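Here are my comments on the model you sent.

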Amino acid sequence: MKKFTVSQFLTAILIVLTGFTLYSCSVDGPEIRPVQLEDVNGNYKGRLITIQGESKTEKIKNFKAKKDTIMFSEFPVDEIVKTVVKDPVKAEEAIKALGKVKYEIKYTASINTASNVIELSLAPKPMELLIPVEGKTKKAEVTLNAKQKGFYVGMDGSLRFALTAEKITVDGTVLAPYEAINYNFPFCVKY
């Protein structure tokens, strides 16, 4: 009689395990919605890593993205000003006097369906800054470039891109020597 009960018990366990196995095969995980160009639009908050030579800073920055433009209401210009104005005290005064610097980056977007991402081909225009120093104004033109595409990732809804300030011209003269300033936005999310 004991053998019969053990046999029924093992059969019941085998049926339950088979049921779990078949169920787990039919559930592959959450359904991932394909990205659409409009998904890029929104208000973002993200980490900005700024690198110039051996110097590296990290900040949290906010910006907006719409149809074909990434818009900063306060673009980070500290490193640019400190490159133009060598005296640290005067550079800080100039940064305060400049206030918030607005900057827009145009882009064209295309969908990569295989990776479920939106690729952004960034086309930054030169940034013009009028930097006040000791009662005078230095006109600085910053040449920005995007060496690689930006991405909106459908899986986690994040935006990632990078810019490089390749050249700074002050009052018509190219700054030399000059170390490029890299602006990396490795992970930005909507808020």
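**Notes on the model**

1. Apart from neighbours within four places in sequence, Ser158 is in contact with Phe151, Tyr152, Val153, Phe187, Cys188 and Val189; contact here means heavy atoms within 4.5 Å. Ser158 is in strand β9 (residues 158–170). Helices (H or I, at least four residues) and strands (E, at least two) are DSSP runs, numbered from the N terminus. Ser158 is buried, at a relative accessible area of 0%. The cut-offs are under 20% relative accessible area for buried, over 50% for exposed, and partly exposed in between, using a 1.4 Å probe and protein chains only.

2. The Ser158 side chain makes polar contacts with the side chains of Asp156 (2.7 Å) and Arg160 (2.9 Å). A polar contact is a pair of N or O atoms within 3.5 Å; within protein, one must be able to donate a hydrogen and the other to accept it, and residues adjacent in sequence count only if both atoms are side-chain atoms.

3. On provenance: this is a predicted model, in which local features need pLDDT of at least 70 and side-chain atom pairs count only at pLDDT 80 or more, while totals for chains, interfaces and linings use all residues. Residues are numbered from 1 along each chain as its sequence is written, and side-chain values use heavy atoms, with hydrogens and water left out.

4. pLDDT is the predictor's confidence in each residue, from 0 to 100. The protein averages 90, and 85% of the residues score at least 70. Confidence is lowest in helix α1 (residues 2–26), with a mean of 61, and highest in β3, at 98. Where pLDDT is low, the predicted coordinates should not be read in detail.

5. The protein has 3 helices and 11 strands. From the N terminus, the order of elements is α-β-β-β-α-α-β-β-β-β-β-β-β-β. Of the contacts with a separation of 6 or more, 60% are between residues 24 or more positions apart.

6. How many salt bridges does the structure hold? There are 9 salt bridges, each defined as a side-chain nitrogen of Lys or Arg within 4 Å of a carboxyl oxygen of Asp or Glu. One of them joins Glu58 and Arg47 (3.4 Å, N to O). Glu58 is in strand β2 (residues 55–66) and Arg47 in strand β1 (residues 42–52), 11 residues apart. Glu58 is partly exposed at 46%, and Arg47 is also partly exposed, at 37%.

7. Asp68 and Lys106 form another salt bridge (4.0 Å, N to O). Asp68 lies in the loop between β2 and β3 (69–72) and Lys106 in strand β4 (residues 103–112), so this pair ties together parts 38 residues apart in sequence. Glu92 and Lys82 also meet in a salt bridge (3.4 Å, N to O). Glu92 is in helix α3 (residues 88–98) and Lys82 in helix α2 (residues 78–84), so parts 10 residues apart in sequence are tied together.

8. The largest nonpolar core has 45 residues, of which Met127, Ile131 and Tyr183 touch the most other members. β9 gives the most to this core, with 6 residues. Such a core is a set of buried Ala, Val, Leu, Ile, Met, Phe, Trp, Tyr and Cys residues joined through side-chain atoms within 4.5 Å. Beyond its neighbours within four places in sequence, Ile131 is in contact with residues including Val81, Val84, Val85, Ala94 and Leu98.

9. Of the 191 residues in the protein, 35% are buried.
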